[in-house]
Amino acid sequence: MQTTTLLIIGGGPGGYVAAIRAAQLGVQTTLVEAGNVGGTCLNIGCIPSKALIHAAEEFHKLSDYAGDSPLGISLQSPGVDIVRTVAWKDGIVTKLTGGVAALLKKHGVQVVKGWARIIDGKTVEVQPSGGPDNATEMGQPQRFSCEHLLLATGSEPVELPFMPFGGPVISSTQALSPASLPKQMAVVGAGYIGLELGITYAKLGVKVSIVEAQDRILPAYDAELVKPVQAALKKLGVALHLSHRVSGLTESGDGLRIVADQNPETVLPVEQVLVAVGRRPRTAGYGLETLLLEMSGSALRIDDQCRTSMRNVWAIGDLTGEPMLAHRAMAQGEIVAELIAGKHRRFSPAAIPAVCFTDPEIVVAGLAPDEAAKQGLDVVSAAFPFAANGRAMTLESTNGFVRVVARRDNHLIVGWQAVGRGVSELSAAFSQSLEMQARLEDVAGTIHAHPSLGEAIQEAALRALGHALHI
Ligand code: FAD
Ligand code: NAD
């Protein structure tokens, strides 16, 4: 039996950040990971998806220029070798996961490769799974006793019971490493993954249909924000089947049966079906149930210090439910490490920004006008369109806007929303203004570089104050 102060199960953005910070603070730390460090985010999530989104965007842009470019650029019809694209994406993943492994080593974190199983709140058994970092003998389970146990086991994709993953039915993991491109693909679910990857495949020349149970795409976002994305889908030729349910594959496997209320069933021709109907916390297969921890729905319940209902058992990231975002997991990981090292911390962010990397991109931070109203706040809101922003024109990206939401009485900013090309990079400004409790006057009085998309932030604040300059 080995002893350690902190044992972390899961080396995703939650677990590896907690490990690095704990080790920085002198806490003896062991991290158990069954796969590669970096978790879903670096290996099969955030980074690989953004790499493919970029490649598809570049290909699509060149294909456009090969038609009739208003910029005066002309070129021959471009091609895409998807095997090389995937290899390029894999290279980025390897660089990043290798970097995380090096950081863990530099800080003296003991990384154990293998599948962890909880024996009790202070004992974990690891079944080695081999690999270069594996310090234990192959096949010999190893026991660890710890003072603190941090659970960071992440999430897994939800399956449709009548259409499990396998063959033509794929999850985001397979969609991020295609060996070849299908001619037709149906995507089930118009949420984050369905839209990010649906748009990617459409830009790579695949005929994409999206089937969504709700009556609009991205139902979690407000309708105004989603409109430019819906228009872009139409322009790309993506077929949208809203308010439709999927009933299964046809017997021959090359058709997807879909149905809407009171309408007869229709069949979409498909080579592949990407099922992206959500992710759920990973709670099974490692003895979690033996701890009898309090749950909140399908997620582990935690308090504002990421403590579970058992003393010295902590949990972070996707395992603890929505929002399932990498930056939330990282922030929680850092806090738990600092608490274990004796610091006083709480997880109470003013906002957790969210970006949907569609074309155009969507960013939200804090409250939308209707959410503020639901909380009983009397707010003003104002939007500035990119159609009136010079930089957006030079980038051929005039579709979209930045919107600010602030309290009417004291002008405290409570939320930002934006839709447009490249607006993901505005998320930092949004979060900072919320975390620093900026008022409309603070943002309106800050000099924003010209020409930049960021000027729309200042102009939105000016407009909320009633004196926008450029509209
Ligand atoms: P994970 O990253 O899931 O890591 C958990 C780790 O625990 C895994 O490596 C797993 O192997 C390991 N593990 C589990 N059980 C055990 C066990 N018993 N023993 C040993 N190891 C175990 N979020 C964003 O913020 N921005 C994005 O752009 C974004 N894009 C995404 C795109 C896709 C396609 C997907 C699927 C997700 C995306 N996400 C994005 C979500 C993001 O990946 C997750 O929120 C984040 O990875 C959660 O981090 P985590 O540390 O909680 O868990
Ligand atoms: P999601 O919750 O974003 O979207 C799922 C969609 O599927 C919803 O619109 C829902 O109405 C629809 N749906 C559910 N059941 C259905 C059915 N039977 N038929 C048709 N439609 C159905 O889930 P996701 O896209 O799978 O992504 C999972 C999670 O991963 C996200 O919630 C997010 O936390 C994370 N993620 C984040 C990013 C990002 O930050 N850019 C990108 C990808 C994934």
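The lining of the second largest pocket takes at least three residues from each of domain 2 (169-277) and domain 3 (354-464), with bounds from an automatic or database domain assignment. The model is predicted: local features need pLDDT of at least 70, side-chain atom pairs count only at pLDDT 80 or more, and totals for chains, interfaces and linings use all residues. Residues are numbered from 1 along each chain as its sequence is written, chains are lettered from A and ligands numbered from 1 in the order in which they are written, and side-chain values use heavy atoms, without hydrogens and water.

**Pocket**
- A pocket is an open set of points on a 1 Å grid over the protein atoms alone, with protein on both sides within 12 Å along at least five of seven lines; lining residues have an atom within 4 Å of a point.
- The volume, the space filled by probe spheres set on the points, is about 1,000 Å³ for the second largest pocket.
- Among the 35 lining residues, Glu-57, His-60, Lys-203, Asp-359 and Arg-421 are the closest to its centre.
- Helix H3 (46-65) gives the most to this lining, nine residues.

**Sheet** 
- Strands (E, at least two residues) and helices (H or I, at least four) are DSSP runs numbered from the N terminus, and two strands pair if DSSP finds at least two bridges between them.
- Five strands make an open sheet with parallel pairing, ordered E7-E14-E8-E9-E10.
- E7 (169-170) and E10 (239-241) each have a single partner strand, so one side of each is left without a neighbour in the sheet.
- Three bridges join E9 (residues 207-211) to E10, where Val-211 stands opposite His-241.

Definitions and conventions:
On a 1 Å grid over the protein atoms alone, a cavity is a set of points where a 1.4 Å probe fits but cannot get out, and a pocket is an open set with protein on both sides within 12 Å along at least five of seven lines; lining residues have an atom within 4 Å of a point.
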